[in-house]
Amino acid sequence: MAERVYRLILLYWAFGLAALAVAAAPAAEIEVFVRPGCPYCAAAERFLQDLRRRQPGLRVRTRDVSQDQEAFQELSELAHGFGIQPFGVPAFYLRGQLIIGFVSAETTGKAIESLLDRAPRSTERDFGNGASTHGAVTVPLLGPLNVRELGLPVFTIVLGLLDGFNP
């Protein structure tokens, strides 16, 4: 009888962690830096509209570097962190990678889609050399958990439950 109870508890715990992992998985996000009047940016926008139709959960954040000084500064820092000089638009930041320029859906578009198919490395800025900013903890089975995305109460509860489990 006691063995049955232990099995039920273990099964309940496993399903709870699986549900939490699905709930905590961040939606795919692309940050796009553009400039009005840029024909490559316009082509990239058309590609991203089509991509959004095919992947409804995809979040695209478009930032105009000509009007938003903060966007220009962030793109400059990203490019510098990746060792890309000079940099231009359109620029795509996703899954910890920076892609500068857009040729076509068959070339650059395929590179973007293949990055989206990969598991996210982190939700924080990562310059490809392991120098990401703080705020994420990688947990076995759940992957990276970020206090900014989950919120402090949920983040604390998840880590407390994991820490409290003693096989």
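The model is predicted. F47, F92 and F102 make up one aromatic cluster. The salt bridges number 7.

**Helix α2**

- Helix α2 is 16 residues long. From first C-alpha to last it reaches 23 Å, close to the 22 Å expected at 1.5 Å a residue.
- The buried residues in α2 are C41, A43, A44, F47, L48 and L51.
- An α-helix has 3.6 residues a turn, so residues three or four places apart point the same way.
- P39, R46 and R53 sit on the other side of α2, where they are exposed.
- Several elements cover the buried residues of α2, including β1 (29–34), β2 (59–64), β3 and α4.

- Strand β3 covers residues 91–94 and strand β4 covers residues 97–100. The two run antiparallel and are joined by 4 bridges.
- A91 faces I100 of β4 across the pairing.
- The hairpin has 2 residues between its strands. R95 takes a positive phi there, near 50°.

**Aromatic pairs**

- The structure has 3 aromatic pairs. One of them is F47 with F102, a tilted pair at 5.6 Å centre to centre, with 35° between the planes.
- F47 and F102 are both buried.
- F102 also pairs with F92. That pair is tilted too, at 6.1 Å centre to centre and 50° between the planes.
- F92 is in strand β3, and 10 residues separate F92 from F102 in the loop. This pair also links distant parts of the chain.
- F92 has a relative accessible area of 0%, so it counts as buried. F102 is buried as well, at 6%.

- R59 and E29 meet through their side chains in a salt bridge, at 2.5 Å from N to O. R59 is in strand β2 and E29 in strand β1, 30 residues apart.
- R59 is partly exposed, because its relative accessibility is 40%. E29 is partly exposed too, at 33%.
- R63 and E31 form another salt bridge, at 2.6 Å from N to O. R63 lies in β2 and E31 in β1, so the pair ties together parts 32 residues apart in sequence.
- R63 and E31 are both buried.
- A network of salt bridges links E31, R61, R63, D68 and E74.

- R54 forms a salt bridge with D50, and their closest N and O atoms are 3.1 Å apart.
- Both residues, R54 and D50, lie in helix α2. They are 4 residues apart, about one turn of the helix.
- R54 is partly exposed, with a relative accessible area of 43%. D50 is also partly exposed, at 32% relative accessibility.

Terms used: Residues are numbered from 1 along each chain as its sequence is written. This is a predicted model: local features need pLDDT of at least 70, side-chain atom pairs count only at pLDDT 80 or more; totals for chains, interfaces and linings use all residues. Side-chain values use heavy atoms; hydrogens and water are left out. Two strands pair if DSSP finds at least two bridges between them. Rings of Phe, Tyr and Trp (its six-membered ring) pair if their centres lie within 6.5 Å; planes under 30 degrees apart count as stacked, over 60 as edge-to-face and the rest as tilted. Buried means under 20% relative accessible area, exposed over 50%, partly exposed in between (1.4 Å probe, protein chains only). The expected span of a helix is 1.5 Å times one less than its number of residues. Contact means heavy atoms within 4.5 Å. A salt bridge is a side-chain nitrogen of Lys or Arg within 4 Å of a carboxyl oxygen of Asp or Glu.
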